[in-house]
Every structure is written in C-alpha cells, then in structure tokens.
Amino acid sequence: MIAVLGLVIGVVVGLLVAPDVPDWAQPYLPIAVVAALDAVFGALRAFLDGIFDDKVFVVSFVSNVLIAALIVYLGDQLGVGSQLSTGVVVVLGIRIFTNMAAIRRHIFRA
Amino acid sequence: MSDDKPEKPADAVEPPQPEAPTPMPKPKPKTPNLALRRLRTGFKPSRGQAIVAVVLALVACVAVVQVRVNRADDGYQNARREDLIAILDGLGQNTRRLESEIADLEERKNSLSSGADKAQTAREQAEAQVRTLGILAGTLPATGPGVRITLNDPQGKMTSSNLLDAIEELRDAGAEAIQINGSARVVASTDFVDDPPGIRIDGQKVNSPYVIEAIGESHNLSEAANFPGGLVSEVTGPQVGGTAEVTELTTVPITALHAPEEHRYARPAPSPTK
C-alpha cells in the first residue's frame with residue numbers, strides 16, 4: 001500500500017516540481033530510469049518469490065542505476081555512446097521481460 | 001526485518017511450494033494463493049514497504065521528469081555528435097537547395113515583370129496607334145484647330161470635282177480630319193458622285209450650302225482655300241457663281257464617323273520586322 005502511495009507521490013512531485021535536469025545528467029537520466037525500472041520489477045519478482053530483502057533491493061537498485069549511467073558515460077568517452085546505450089537498454093529490456101514473465105507466472109500461474 | 005513477520009507464516013508452508021508450478025497435478029487450491037497472499041500481506045505497512053515506497057517515488061519522479069524533458073526539448077539535446085552532424089548536414093543541404101530555388105524564382109520573377117513591362121509598353125503603343133489610326137480612318141471623333149469653309153451654291157452648279165479639288169488642297173495643306181456638312185467624314189476611300197442639284201458623298205446626299213470642316217494648321221488651311229485659282233476663286237468664279245466663306249477656328253469638332261467595312265479580299269500580312 002505504502003509502495004503504491006510512494007509511486008503516486010513520486011508522479012505528483014515530478015509533475016508539480018518539474019525540476020530542470022542539469023545538462024551533464026541528461027544523457028544518463030533515461031538509462032537510469034530504465035535501470036531503475038529493471039530493479040523495481042526484479043524486486044517485485046523477488047517479493048512474489050518470497051525472497052525479497054529490502055537491503056538487497058536498495059543495493060541492487062543503486063548499483064543498477066550507477067552501472068547503467070557509468071556504461072553510458074564510458075561509451076560517450078570512447079565514442080560509442082549511442083551504441084552502448086542501445087545495448088544497455090536492450091539488456092535491461094530483456095531483463096524486465098524475464099521478470100515480468102516470472103511475475104505473471106506467479107500471479108496467473110500461466 | 002519487521003516485514004519478515006507477515007511472510008513467516010507463508011514461508012512456513014513454502015518449501016514445497018516453489019516447486020509447485022512445475023508439477024501441476026499437485027495440491028491445487030493452495031498454490032495459486034501463495035503469490036496473491038504475499039501481495040495481500042505486502043499491503044501492510046512495514047520498513048521494507050517504506051523503503052520500496054521511497055525508491056518508487058524516486059523512480060516515478062525521475063521518470064516523469066524525464067518524460068517531460070523528452071517532450072519539451074526538440075530532440076537535439078540528447079542527440080549524439082554524429083546525429084547532430086547528420087542533422088546539420090541535412091539542414092545545410094536544405095538551405096542550399098532552397099537558396100537555389102530562391103534564385104530561380106527571383107530570376108523568373110524578374111523575367112516575368114520585365115515581360116509585363118514590355119507587354120504594358122506594347123499595349124500603350126498599340127492604343128496610341130489605334131487612336132491615331134482611328135482619326136485617320138474616320139472611326140473616332142476628333143477635335144483641334146482648323147477652318148470652316150462654307151460654300152454657297154444657289155445655282156447648283158458645283159460638281160464633285162470641285163469638292164474633290166477642295167479636299168485635296170486641304171489635304172495638301174496638312175488637314176488631318178475632314179468632314180462635310182457635319183455628316184460625311186472624308187477618309188481615304190470616300191467617293192464623290194454628282195447628283196444635281198447636289199453631291200453624293202459615300203452614297204449620302206449632300207446639298208448646298210456645303211460646310212467643309214477640317215482640322216489642321218488653321219492659317220495654312222485658309223491659305224490653301226484662298227490662293228488665286230484655288231477653291232474660293234473657283235466657287236465664286238463665273239462657272240459656279242456661288243459664295244465662299246473661310247473661317248479660322250481654334251476648335252473644330254469633327255463628330256461625323258466613317259463606318260469601316262470589313263475587307264473582303266485584303267488581309268493583314270505578317271509584318272517582317274516583328
């Protein structure tokens with residue numbers, strides 16, 4: 001319940017405050033959001049598996065976001081930024097799909 | 001760890017359950033409940049819930065911001081260098097194409113406007129020519145300085161040749177438009193036929209007194225009528241025995257018109273100069 005509340009509050013805050021994203025963070029923000037989504041779905045899956053641990057969740061969340069941003073940063077420095085960010089998005093997308101499949105199996109048993 | 005408590009009862013029954021999805025024929029009523037029950041217990045407030053809430057709020061906030069930024073910016077801010085170069089290249093090509101198009105259109109505009117000028121000039125010239133030719137052909141009324149010659153022929157002895165001589169002398173003196181009795185315009189094709197006691201001009205009967213009105217240099221015209229052996233002396237002479245009166249006027253209105261007839265044989269030939 002609180003989790004859903006937090007989601008709603010986040011959307012509202014994002015809409016109301018509408019902070020400016022600093023220039024340096026702009027290439028990494030979309031990747032970070034995708035990585036965070038991956039972590040959230042992973043947490044939901046773990047929760048349904050009964051192996052959810054909040055510490056693990058926080059650590060995996062932060063590391064996911066940081067690593068995604070780091071990879072993009074590295075790619076930018078190496079001149080393959082767009083390709084690397086595409087790769088990161090693809091990998092995270094696959095992971096999200098896998099997690100969703102597991103969650104689906106848990107809830108609908110199908 | 002407080003969130004473990006609600007999980008505990010479920011966990012207690014759990015060990016057999018994780019394998020439950022694979023062997024389907026196993027106890028059915030219990031297995032579907034498990035995940036849903038966890039979901040339901042998950043709605044109870046706990047530390048884990050709070051942490052998840054905070055993280056979710058963060059993610060949602062950032063996601064919303066990102067969506068907004070993505071929608072607000074024009075797509076160049078996140079574009080990589082090679083994309084920007086491609087975009088710039090495209091814009092440059094577009095600019096060159098549009099510039100050449102502008103040059104083309106300018107050129108066409110110039111040619112069209114000069115063509116329009118030419119057409120305008122040609123039309124003005126043609127109109128001026130129409131006016132000149134209309135006076136010459138007798139299809140337009142005319143006005144200007146000139147003379148009025150009144151010939152009185154009480155005995156009806158004037159002939160068409162007298163009148164023709166009079167017209168030719170006036171033409172020699174530079175008459176530009178001539179009418180007789182205010183009804184017969186004298187043009188190139190005008191003919192004079194004797195029809196005593198009078199004269200038929202272009203098939204139209206004209207009687208004494210004959211009033212010849214001519215536009216031209218009025219002094220020259222009156223001299224042409226008055227010179228010895230000319231029109232006046234002939235009319236006043238013994239042969240005709242009439243009277244003649246020549247008046248120089250500053251404005252002679254010539255209103256009689258000659259109805260042009262369609263040429264039956266003559267057709268305009270293409271001019272070689274144009």
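This is a predicted model: local features need pLDDT of at least 70, side-chain atom pairs count only at pLDDT 80 or more; totals for chains, interfaces and linings use all residues.
Local features need pLDDT of at least 70 and side-chain atom pairs pLDDT 80 or more, while totals for chains, interfaces and linings use all residues. Residues are numbered from 1 along each chain as written, chains are lettered from A in written order, and side-chain values use heavy atoms, without hydrogens or water.

**View 1. The main nonpolar core of chain B.** This core (buried Ala, Val, Leu, Ile, Met, Phe, Trp, Tyr and Cys joined through side-chain atoms within 4.5 Å; buried is under 20% relative accessible area, 1.4 Å probe, protein chains only) has 28 residues, and L151(B), L163(B), L170(B), I180(B) and I212(B) touch the most other members. Helix α5(B) gives the largest share, four residues.

**View 2. Around I212(B).** Skip the neighbours within four places in sequence, and I212(B) still has contacts (heavy atoms within 4.5 Å) that include V147(B), I149(B), L163(B), I167(B) and I178(B). R148(B) and Q179(B) are also among them.

View 3. V8(A) sits in helix α1 of chain A, residues 2-17. With a relative accessible area of 48%, V8(A) counts as partly exposed (between the buried limit and exposed, over 50%).

Conventions. Helices (H or I, at least four residues) and strands (E, at least two) are DSSP runs, numbered from the N terminus.
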